[in-house]
Amino acid sequence: MTNIPPLPTYPESLWMQAIEGLPSYSKLQHDIEADVAIVGGGISGITTAYKLTQAGVKVALLEAGKLLHGTTGHTTAKITAQHHLIYDELIKQEGKEKAALYFKANQDARKFMESLIEQQAIECGLQAQDAYVFTNSDEYVQKLQNEMSAYESLGIHGAYLDRIPLNVPAKAAVRMDGQAQFHPLQYMAALVKMTAEAGCHLYEQTTAVDIQEGPQPKVVTADGHSVTCKHIVVCSHFPFYDGHGFFFARMHAERSYALGIKTDQTYPGGMYISAEEPTRSIRSAASSDRTPLLIVGGQNHKTGQGICTINHYEALQAYASQHFNASDIAYRWSAQDLVTGDKIPYIGRITASSPNIYIATGFKKWGMTSGTAAAMLISDLIQEKNNEYEELFAPSRSLSLKTLKNLVVDNFDVAKHLVGGKLEMVRRKPEDLAPDEGSAVTVHGRRAGAYRDKEGKLYVVDTTCTHMGCEVEWNDGERTWDCPCHGSRFSMTGEVMEGPAEKPLKSISLP
Ligand SMILES: Cc1cc2nc3c(=O)[nH]c(=O)nc-3n(C[C@H](O)[C@H](O)[C@H](O)COP(=O)(O)OP(=O)(O)OC[C@H]3O[C@@H](n4cnc5c(N)ncnc54)[C@H](O)[C@@H]3O)c2cc1C
């Protein structure tokens, strides 16, 4: 291996430049009324707002930060129903009928996106691509054969292969035909524009902190204002409101990493993901100056449990250099998504007893189609239309034995981090930190978190997560404090970057 190009100093997603021209929306500064309040300005919230405003419904959308700066701005944007290896497992766990519905829901979402892009002539680099899940491990060959049998039994068009078009080692692969890729934020920017033009009221820098349930429910914001409405849709990624759904115990957050690399190699087409760990995800793309790029992603781990995170970028850097002869690494970014116990998203009424509060979450890194399917389902429920996917995705569904086992594992993990984090011996002190370094440290005899910026200024925070009291860990790849229990993330100075936490980490003054 020669001449490995360096990683960019700071993380930046390939997609963000596309929304620099979007207008800024003001924060909510008084109490308002609407038919529907939507919380969260990512693909699920904005697509729901688009669907409802097109149907003449009066919608207000609240976004805690800036629209599209969440996971949707940090995706790899494959539009596919090939959600890794899932169909064999779904058939065994949920039965053939539900597995077929899962496939159809995601195919419908892809087709909805493709026809909207065509009808509205949205320039977002949409390209038809086949999707491949491949393995180079003998252990996974049988799993791929089982997945192919599941495709055949569900009538999914594809093929079983013993090689892939891409120049990476592979012993077997399963191809799903006729999928797609695009530039997610060019697409989303067009949806924001059409939604605003159709009369949706959009608010940024407006954090929802509570819901008062009832026939006329209210969303309450951190500034004490409210939206009174008939329906509330929680699209805040991790639901900011739990409504006795116990979602903190029914999902975990997984982080993964991506590089945008330049290479002279000719790309044979296709979107790829490895079946085995460490995950490798590959697709082509174009940078803002239309230079061809490859996105090389992977290195999944539970949020807050993959320290030291810069190593994950370095692993992708080595892989990209070895297999694609990367001449430049133009972008690096990472993000997280939520995984439910049975791997099926939670979309619909938050609980059976709250008929007018809805959630959309748990997309397992496949939210381009699942987030769109969520918008289609929830907008139908609000308009009292039948939707064949209501039962499949119902957040209040009963859970199988296998799912309950997964939840026990997730919650054991939470308990381990809750207790382990408190007992951990930390020997470093704030004065030990070099410029641009962060670490758990001991202050006043207790565990704390410190970051020293490049100018030498120290920021010290209490590492107790303000969500449920686990100990946050330093993420040196992103320079954030991440919670290993439920995925909350805080800036180096302790401000909330991603929920479920709503309050910042306490800052600590040094003597
Ligand atoms: C590295 C990576 C690669 C991926 N690749 C793919 C892929 O190739 N294909 C695919 O289909 N999917 C992929 N995904 C998954 C997909 O990107 C996500 O599932 C999807 O973007 C989630 O959209 P969302 O609308 O639920 O959340 P987000 O985009 O995170 O939007 C939620 C918004 O809610 C806001 N918010 C949070 N709390 C509050 C509050 N209290 N008040 C107001 N606003 C709030 C946030 O600020 C945020 O803007 C990937 C995910 C990751 C992490």
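In this predicted model, helix α3 meets helix α7 through residues of both helices. On the α3 side, the contact includes Ala-105, Asn-106, Asp-108, Ala-109, Arg-110, Phe-112 and Met-113. These residues face Thr-369, Ser-370, Thr-372, Ala-373 and Met-376 of α7. By class, the contact of α3 with α7 divides into six nonpolar, four polar and two charged residues. The axes of α3 and α7 come within 8 Å. They cross at roughly 90°, which makes α3 roughly perpendicular to α7.

Helix α3, residues 96–119, also meets helix α2, residues 87–94. Here the axes come within 7 Å and cross at roughly 140°. Helix α2 is therefore oblique to α3, since angles over 145 degrees would be needed to count as roughly antiparallel. The crossing of α2 past α3 is right-handed. Helix α2 contributes Tyr-87, Leu-90, Ile-91 and Glu-94 to the contact. From α3 come Lys-96, Lys-98, Ala-99, Tyr-102 and Phe-103. This contact holds six nonpolar and three charged residues, but no polar ones.

The shell around the ligand draws its largest share, four residues, from α7. In total, 39 residues surround the ligand. The closest are Gly-40, Gly-42, Gly-70, Thr-75 and Gly-367. By class, the shell has 22 polar, 13 nonpolar and four charged residues.

The model also contains an open sheet of four strands. Strands of a sheet pair through backbone hydrogen bonds, either parallel or antiparallel. In this sheet the pairing is antiparallel, and the strand order is β23-β24-β25-β26. Strands β23 (473–475) and β26 (496–498) stand at the edges. Each has a single partner strand, so one side of each is left without a neighbour in the sheet. On average, neighbouring strands of this sheet are turned by 35° against each other, direction ignored.

Trp-474 has Trp-481 of β24 as its bridge partner.

How values were computed:
Residues numbered from 1 in each chain as written. Predicted model: local features only at pLDDT ≥ 70, side-chain atom pairs only at ≥ 80, totals over all residues. Axes fitted to C-alpha atoms, helices over the stretch in contact; angles between N-to-C directions. Helix = DSSP H or I, 4+ residues; strand = E, 2+ residues; numbered from the N terminus. Parallel < 35°, antiparallel > 145°, perpendicular 65-115°, else oblique. Left-handed = near helix turned anticlockwise from the far one by under 90°. Contact = placed C-beta atoms within 7 Å. Nonpolar A, V, L, I, M, F, W, Y, C, P; charged D, E, K, R; others polar. Pairing = 2+ DSSP bridges. Near = placed C-beta within 6 Å.
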